[in-house]
Amino acid sequence: VLTETPVPVDTEKAAPLLMTAWLSRGPDQEDERLLRRLRFAGYNDIDVPALVAVAARGRRSLSDVHLALAVAPDVQRALDRGAPDCLSVPSGRSVPLEYTSDGGVTAAVKLQELFGLGETPRLGPRRVPVLLALLAPNGRPVQLTRDLASFWARTYPDVRRELRGRYPKHPWPEDPWTAIPTTGTTKRLAGDQTTPPGKKTR
């Protein structure tokens, strides 16, 4: 090579090359999650090459090709309704949802954040129950369930006996159906209940 001269990328020529490269590589983690959400929401006949072709338009490198760029606004709205990114829980937080290759959906959430919730959330057109990974205060799962009502009635008393001695600063009410959901300790919960509106505790 005697000389090299950089030239602007011709995006019309680049698009089919990028599509071929994407199909050869396969979806990355972000694109795979989107494809799973689409299937979960009822879009079972996804033309992946067509999506990639749209996403590759005007792009200059493979790292710029994201399938989300090719999702039509009406499809995105259907995704937000039927296969959302996050699940709102009674504590007020939103926890990420993971869509699995077998068509299921899971969420990991601390047990105390679900106090008062009697039924397992269901999502999508098939009303699939969320597989809940119920976490101890240290963030480790203590139970997996798709039937929250059964967990509160049958399993929670045993979990309560086992963990309240290990984590005495966290609430372990006898009646989880009427308990106040929380992300904090018993002391913090008491402070939240007694602090007048507009005041903050430290």
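**Notes on the predicted model**

1. Helices here are DSSP runs of H or I with at least four residues, strands are runs of E with at least two, and both are numbered from the N terminus.

2. Some housekeeping: this is a predicted model, in which local features need pLDDT of at least 70 and side-chain atom pairs count only at pLDDT 80 or more, while totals for chains, interfaces and linings use all residues. Residues are numbered from 1 along each chain as its sequence is written, and side-chain values use heavy atoms, with hydrogens and water left out.

3. On confidence, pLDDT (the predictor's confidence in each residue, from 0 to 100) averages 90 over the chain, and 92% of the residues score at least 70. A contact means heavy atoms within 4.5 Å.

4. Back to α2 and its ends. Asp28 caps the N-terminal end, with a side-chain oxygen 3.3 Å from the backbone nitrogen of Glu30. Just after the helix, Gly42 has a positive phi of about 105°. Asp31, Leu34, Leu35, Arg37, Leu38 and Phe40 are the ones to look at for burial: they are buried in α2. Buried means under 20% relative accessible area, exposed over 50%, and partly exposed in between, with a 1.4 Å probe and protein chains only.

5. Which residues of α3 (residues 48-56) are buried? They are Val48, Leu51, Val52, Ala55 and Ala56. Seen down the axis of α3, these fall within an arc of 130°, so they line one face of the helix; the arc is taken from the directions from the helix axis to the C-beta atoms. The cover over them includes α1 (11-25) and α2 (29-40). Ala53, also in α3, is partly exposed, at 27% relative accessible area. Its C-alpha is 9.0 Å from that of Thr20, although Ala53 and Thr20 are 33 residues apart in sequence. Gly58 follows α3, with a positive phi near 75°.

6. Now the largest nonpolar core, which has 47 residues. Such a core is a set of buried Ala, Val, Leu, Ile, Met, Phe, Trp, Tyr and Cys residues joined through side-chain atoms within 4.5 Å. Leu97, Val105, Leu111, Leu114, Leu132, Phe151 and Trp152 touch the most other members. Elements supplying at least two residues each include α1, α2, α3, β2 (94-99) and β6, while α5 gives the most, with six. Leaving out residues up to four places away in sequence, Trp152 touches Leu111, Leu114, Phe115, Leu117, Pro157, Pro176 and Trp177.

7. Two loop residues deserve a look. Beyond four places in sequence, Gln112 touches Pro137, His170, Pro171, Trp172, Pro181 and Thr182. Arg127 sits in the loop between β4 and β5 (128-129) and is partly exposed, at 46% relative accessibility. Phi of Arg127 is positive, near 50°, in a residue other than glycine.

Methods: A polar contact is a pair of N or O atoms within 3.5 Å; within protein, one must be able to donate a hydrogen and the other to accept it, and residues adjacent in sequence count only if both atoms are side-chain atoms.
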